[in-house]
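Good morning, and thank you for joining this group meeting.

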Amino acid sequence: VSSLHMKRWRDHLTAEIKRINRNLPSIPSAQKTNVIRWWLQAVHSRIEHYKTEHIKVLKEATVLLELALWKARLDDEAGDDSLEAPTKKVKIDVECTRNERRVTSRANIVIKNVLPFL
């Protein structure tokens, strides 16, 4: 439970554990096995849902980090007059340059080292 990253997820599973511990003594012995199986399936399903949600959050954070690094790289080079495009042909080159800088922003290196902390 402590490895869940969102506080409400931890709180929900902690409440589920407390609930089964509180209710299990009052359940007849013949039904305990079925109740425990049902409870385990419900908890397992909830954990799988949380894992899926966590992956979505990580993907979103990764995209935001990559875009921020790309923008920072573009901002660092904003003083470069070669990015100013007076003609349409140069504008196409600007787009090519922007895409190249996105690829060469080294975001993949930073993301690889930051992702384990998210």
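Which residues form the largest nonpolar core? The largest nonpolar core has six residues, namely W9, L13, I20, W39, V43 and Y50. A nonpolar core here is a set of buried Ala, Val, Leu, Ile, Met, Phe, Trp, Tyr and Cys residues joined through side-chain atoms within 4.5 Å. Buried means under 20% relative accessible area, exposed over 50%, and partly exposed in between, with a 1.4 Å probe and protein chains only. The elements that give two or more residues to this core are α1 and α2.

Before going further, a word on the basis of these values. This is a predicted model, in which local features need pLDDT of at least 70 and side-chain atom pairs count only at pLDDT 80 or more, while totals for chains, interfaces and linings use all residues. Residues are numbered from 1 along each chain as its sequence is written, and side-chain values use heavy atoms, with hydrogens and water left out.

Let us turn to the chain as a whole. The protein chain contains four helices and zero strands, in the pattern α-α-α-α along the sequence. Helices (H or I, at least four residues) and strands (E, at least two) are DSSP runs, numbered from the N terminus. Of the 118 residues in the protein chain, 16% are buried.

On the α1 side the contact (heavy atoms within 4.5 Å) includes W9, H12 and L13, and on the α2 side it includes W38, W39 and V43.

I20 lies in helix α1 and is buried, with a relative accessible area of 7%. Leaving aside residues up to four places away in sequence, I20 touches V35 and W39. I20 and W39 are 19 residues apart in sequence, and their C-alpha atoms are 7.7 Å apart in space.

V43 lies in helix α2 and is also buried, with a relative accessible area of 15%. V43 and L13 are 30 residues apart along the chain, with 7.5 Å between their C-alpha atoms.
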